[in-house]
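Reader: I have the model open. Take me through it, one question at a time.

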Amino acid sequence: AFLHPTNQTMANLFRSSGGSSRCCTLMFFAFIIASISAFTPPSSSLSTRSQHFQLSAVPSPERMFDYSSKPPTFNKQTSLWEPSTETEEPPYGAFGSFLRGGPTPFLVRVLKPSEYDQAVFKYMAQTSCSRAEAQGNMDSFFNNAADWAYQKSEEARGRPKVDYTQLKPKDAILVITWALFVTPLLGRCGYLIAATGNWGITVDDILNF
């Protein structure tokens, strides 16, 4: 029977050795792309405009919640921000930063804890906010400084403020999925392609550790 050229090509693909496996591979990569797109900010215009936003132009941010404790102070002798006697302990650890802001703030807290604390203390001093609010803002800043700066500029114009202290379950699930599943699988695919020298890998190849 005569087949349309497109149908003939598809038939040959599935009749060829490993055709079904390659089809599964394509479906697998489609799943990866869908997972990656889930991490895209909901407003593309926000991301585009914020790329050109300079941090130096950010107006002085304002705190979101009332806070009456004494803020950190700057020590001119050491050139460091120091917590006051009323400064509370960190409300959450590095894993909390990971769930809120992704891998970047997590790595900053683990590899450069002093730099992270200095950013938090400085933000507390500038805004007279709580440590929890400062950490939430710095997690967002380390994750995407441009978008954070753009959001602050919009808040200065009267737009609604974003509560960065809030842990959103959806964002936490996406971060965990990316860290435990998507990233290792992408690494495995990259390793196989580099080792074999071709793109003809199958799902069986990926899962055969």
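Reader: Which residues does Gln118 touch, not counting residues up to four places away in sequence?
Author: A contact means heavy atoms within 4.5 Å. Residues up to four places away in sequence are set aside here. What remains for Gln118 is Leu80 and Trp81.

Reader: What kind of model is this?
Author: Residues are numbered from 1 along each chain as its sequence is written, and side-chain values use heavy atoms, with hydrogens and water left out. Local features need pLDDT of at least 70, side-chain atom pairs count only at pLDDT 80 or more, and totals for chains, interfaces and linings use all residues, since this is a predicted model.

Reader: Is Gln118 buried or exposed?
Author: Gln118 sits in helix α6. Helices (DSSP runs of H or I, at least four residues) and strands (E, at least two) are numbered from the N terminus. Buried means under 20% relative accessible area, exposed over 50%, and partly exposed in between, with a 1.4 Å probe and protein chains only. At 18% relative accessibility, Gln118 is therefore buried.

Reader: How far apart are the C-alpha atoms of Asp117 and Pro83?
Author: Asp117 belongs to helix α6, which spans residues 113-127. Its relative accessibility is 27%, so Asp117 counts as partly exposed. Pro83 is 34 residues away along the chain, and the C-alpha separation is 9.5 Å.

Reader: What pattern of helices and strands does the protein follow?
Author: The protein has 10 helices and two strands. Read along the sequence, they run α-α-α-β-β-α-α-α-α-α-α-α.

Reader: What share of the protein's residues counts as buried?
Author: The protein exposes about 13100 Å² (Shrake-Rupley method, 1.4 Å probe; for residues, only the protein chains shown count as cover). Carbon and sulfur atoms supply 60% of that area. Of the 209 residues, the buried share is 32%.

Reader: What part of the contacts with a separation of 6 or more comes from residues 24 or more positions apart?
Author: Take the contacts in the protein with a separation of 6 or more. Residues 24 or more positions apart account for 59%.

Reader: Which residues does Ser97 contact, leaving aside neighbours within four places in sequence?
Author: Ser97 lies in helix α4, residues 94-101. Its relative accessibility is 0%, so Ser97 counts as buried. Its C-alpha atom is 9.5 Å from that of Leu167, 70 residues away along the chain. Beyond four places in sequence, Ser97 contacts Tyr92, Gly102, Pro105, Phe106, Arg109, Tyr116 and Asp139.

Reader: Which residues form a nonpolar patch on the surface?
Author: Patch residues have over 30% relative accessible area and no salt bridge; like charges are joined within 9 Å, nonpolar side chains (Val, Leu, Ile, Met, Phe, Trp, Tyr) within 5 Å. The patch has about 300 Å² of accessible area together, and its members are Leu107, Val110 and Leu111.

Reader: How many salt bridges are there?
Author: Side chains of opposite charge can pair when their charged atoms come close. The rule asks for a side-chain nitrogen of Lys or Arg within 4 Å of a carboxyl oxygen of Asp or Glu. By this rule the count is five.

Reader: Which residue forms a salt bridge with Glu115?
Author: Glu115 is partly exposed, because its relative accessibility is 39%. Lys112 is partly exposed too, at 47%. The closest N and O atoms are 4.0 Å apart, and the partner of Glu115 is Lys112.

Reader: How far apart are the closest N and O atoms of Lys152 and Glu155?
Author: Both residues lie in helix α8 (residues 145-156), three residues apart, about one turn of the helix. Lys152 and Glu155 are both buried. Their salt bridge has its closest N and O atoms at 3.4 Å.

Reader: Which elements give two or more residues to the lining of the largest cavity?
Author: The elements asked for are α7 (131-143) and α8.
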